[in-house]
Amino acid sequence: MNKDIIEDLFNEKYNEYINNYIDEIIKENLDLIKDNEILQIEYNYDGSKKDIYSLASERDIKKVQINSDKNELDYKFSQNKMDKEEYEININDINKRIKDLDLLYDDLIFEIINNKTIDEIKESIIKYKLNNIDLDRLARAISSVSENKIEEFRNNNKSFMLDKLSYWNYKYDKISKAISKSREVENFILSLIEK
Amino acid sequence: MNISKDSLKKIKEELFNKNISEEEKDIIIKKINQEIEELISKLNPESDPIDE
């Protein structure tokens with residue numbers, strides 16, 4: 001079997017093991033969450049993992065903050081308080097922050113959809129008693145996660161599709177199950193919207 | 001704070017390496033290799049050329 005496939009499988013499985021172990025490590029030492037800000041994105045302070053709605057809303061809040069930085073930058077540039085080169089460097093940095101943010105949150109939301117049962121996901125959404133606007137926003141967030149993950153899958157697995165069709169099918173089968181679950185979650189959220 | 005997949009992955013790897021002994025890591029690697037072997041045998045090897 002191809003070396004790339006073995007390496008790809010190894011990395012995927014090694015990460016799965018790390019993720020499983022890390023949950024236990026964190027539960028046994030909650031200070032790790034306080035000490036490592038990046039862990040606060042995925043975990044609550046009690047060591048539990050955040051649910052889909054928490055993640056989607058936090059992403060929205062962080063995006064508002066980044067867009068506010070962008071507006072400030074645009075204002076400074078319009079007032080000639082910044083030259084074009086500096087402005088472009090900063091804008092590129094902001095665009096990268098938005099892209100990184102989306103990739104991370106997409107991953108975390110998709111992982112929950114992949115690992116939890118549909119009923120667990122539904123319960124985690126129902127408990128918030130969301131209004132129509134928030135439900136619609138959440139449904140759109142999940143739809144966007146599915147689209148981004150399909151795109152990411154296509155980009156990352158082109159070589160397997162050309163050379164190793166059975167492996168590509170195996171990987172596609174895995175992702176398509178999660179995509180199908182995420183569509184079900186999206187439809188469920190839309191069904192909660194009151195007419 | 002740098003918010004990215006890579007930064008989260010990096011911190012998890014660091015914590016994993018700090019908290020897991022070499023012996024445990026060896027066991028995990030053996031398990032993974034075994035899982036990979038089983039998976040590969042399930043995939044249809046005849047439809048794919050074998051490189052090695």
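**View 1. The two domains of chain A in this predicted model.** The domain assignment, which comes from an automatic or database source, divides chain A into domain 1 (1-49) and domain 2 (50-192). The C-alpha centres of domain 1 and domain 2 of chain A are 19 Å apart. Eight residues of domain 1 of chain A are in contact with seven residues of domain 2 of chain A, where contact requires that the C-beta atoms of two residues, placed from the backbone, lie within 7 Å. Residues are numbered from 1 along each chain as its sequence is written, while chains are lettered from A and ligands numbered from 1 in the order in which they are written. The model is predicted, and local features need pLDDT of at least 70, side-chain atom pairs count only at pLDDT 80 or more, and totals for chains, interfaces and linings use all residues.

**View 2. The side of chain A that touches chain B.** Here 30 residues of chain A are in contact with 27 residues of chain B. At least two residues each are supplied to this side of chain A by α1, α3, α5 (84-115) and α9 (165-192) of chain A, helices being DSSP runs of H or I with at least four residues, numbered from the N terminus. The most comes from α1(A), which gives eleven residues.

**View 3. Helices α6 and α9 of chain A.** The axes of α6 (residues 118-126) of chain A and α9(A) come within 11 Å and cross at roughly 35°, the axes being lines fitted to C-alpha atoms over the stretch in contact, with angles that run from 0 to 180 degrees between N-to-C directions. On the side of α6(A), the contact is made by A:Ile118, A:Ile121, A:Lys122 and A:Ile125.
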